[in-house]
Amino acid sequence: MAKEDPFTSAVLSKDLRTIEQLAKEYLQSKDVMDPGAVIGFVDDVNGRAKQLRPIDALGNKPLNGKMVLPDPPTGKYHILINSKIVSYDILETIVHEFIHLFDYLSFADRHCNGDCLSIEHHLLFRPFYFYSEFRAKSYGLQGRMKHDCTDNIQFFKDRLVPYFKEKMHSGPSEYDLIRTLAEIHARSELMTEREISNIIQTIFQGYNLNIINGLFTYLSNPFGYYDDSLLPTIDSTLSDL
């Protein structure tokens, strides 16, 4: 029952620090180590991001959360969470932003001599950006579904699949496409391979399904741990869409 779930209780009581700890425990169960970022619960994510690193500001669009790189590079990493969220979205958002930070640190160590601020200028940044978004969205949703009993497989099939089908036929961006694949992947353990294939066919009707299935496979293959060896393949596959 909901009252026995510590996360649900924390949400209802707005106990943000307990929510933070539960998110970290979930990440640890997935072998994602806490990189030691400063978590800030703020009313205005964009406003605080602009204070920390002006280049990270994203206009006036309200955000649930954001990972902010240190400026100067020797400073601290920040994860900003919208304190006005009082729902299961808050757990999904914390996990989502932690995955981004973990991925950025891993990429920087492998390709940029540990300098996160130079990542955006790397030739592999484009596929890395989408790879990290896929991981963050899927991990975040999985964390959410551990507690949110309304977000079940039937709800996904009945309500979300039609929504994503319409979205994928209204000129979606690459970002939207990757996040839609992540929505499917987050629930993949609850479905058979045939069900997954049928859902991909339904949502991406009219697309080149060989390319879509290939992209889904490339993004999913190393999912249990950070592995950017397929980034060149992901990049070329995105270019073929």
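Mentor: In this predicted model, helix α6 (residues 153-167) packs against helix α8 (residues 193-203) at an angle of about 40 degrees, and their axes lie 8 Å apart. Helices (H or I, at least four residues) and strands (E, at least two) are DSSP runs numbered from the N terminus, while axes are lines fitted to C-alpha atoms, for helices over the stretch in contact, with angles from 0 to 180 degrees between N-to-C directions. The two helices, α6 and α8, are therefore oblique to each other (under 35 degrees is roughly parallel, over 145 roughly antiparallel, 65 to 115 roughly perpendicular, the rest oblique). From α6, the residues Phe 156, Lys 157, Val 161, Phe 164 and Lys 165 meet Glu 195, Ile 199, Thr 202 and Ile 203 of α8, where contact means heavy atoms within 4.5 Å. Sorted by class, this contact of α6 with α8 is made by five nonpolar, one polar and three charged residues (nonpolar: Ala, Val, Leu, Ile, Met, Phe, Trp, Tyr, Cys and Pro; charged: Asp, Glu, Lys and Arg; polar: the others, Gly among them).

Since the model is predicted, local features need pLDDT of at least 70 and side-chain atom pairs count only at pLDDT 80 or more, whereas totals for chains, interfaces and linings use all residues. Residues are numbered from 1 along each chain as its sequence is written, and side-chain values use heavy atoms, with hydrogens and water left out.

Leaving aside residues up to four places away in sequence, Met 145 touches Asp 151, Ala 186 and Arg 187. The C-alpha atoms of Met 145 and Glu 92 are separated by 8.9 Å, although the two residues are 53 positions apart along the chain.

The loop between α4 (89-111) and α5 (125-145) holds Asn 113, which has a positive phi of about 55 degrees although it is not a glycine.

Aromatic rings form another set of contacts. Tyr 104, Phe 107, Phe 125, Phe 128, Tyr 129, Phe 130 and Tyr 175 are linked into a cluster by ring pairs, and the count of aromatic pairs comes to nine (rings of Phe, Tyr and Trp, its six-membered ring, with centres within 6.5 Å; planes under 30 degrees apart are stacked, over 60 edge-to-face, the rest tilted).

Turning to the strands, three of them form an open sheet in the order β1-β3-β2, with mixed pairing (two strands pair if DSSP finds at least two bridges). Because β1 (38-42) and β2 (65-68) stand at the edges with a single partner strand each, one side of each has no neighbour in the sheet. From one strand to the next, the twist averages 20 degrees. Strand β3 (residues 78-82) runs parallel to β1 and is joined to it by five bridges; Val 38 stands opposite His 78, and Ile 39 opposite Ile 79. Helix α3 (residues 45-52) packs on this sheet, touching β1, β2 and β3, and its direction makes about 160 degrees with that of β3.

On the β2 side, β2 and β3 pair in the antiparallel sense over four bridges, with Lys 66 partnered by Leu 80 and Met 67 opposite Ile 79. In a regular strand, the side chains alternate between the two faces of the sheet. Both faces of β2 are covered, with Gly 65 and Met 67 buried on one side and Lys 66 and Val 68 buried on the other. In β3, His 78, Leu 80 and Asn 82 are buried on one side, and Ile 79 and Ile 81 on the other; five of the five residues of β3 are buried, so this strand is largely enclosed by the rest of the structure.

Taken as a whole, the chain has ten helices and three strands, which follow the pattern α-α-β-α-β-β-α-α-α-α-α-α-α along the sequence. Of its 241 residues, 50% count as buried, and among contacts with a separation of 6 or more, 66% join residues 24 or more positions apart.

Conventions. Buried < 20%, exposed > 50% of the residue type's maximum accessible area, 1.4 Å probe, protein only.
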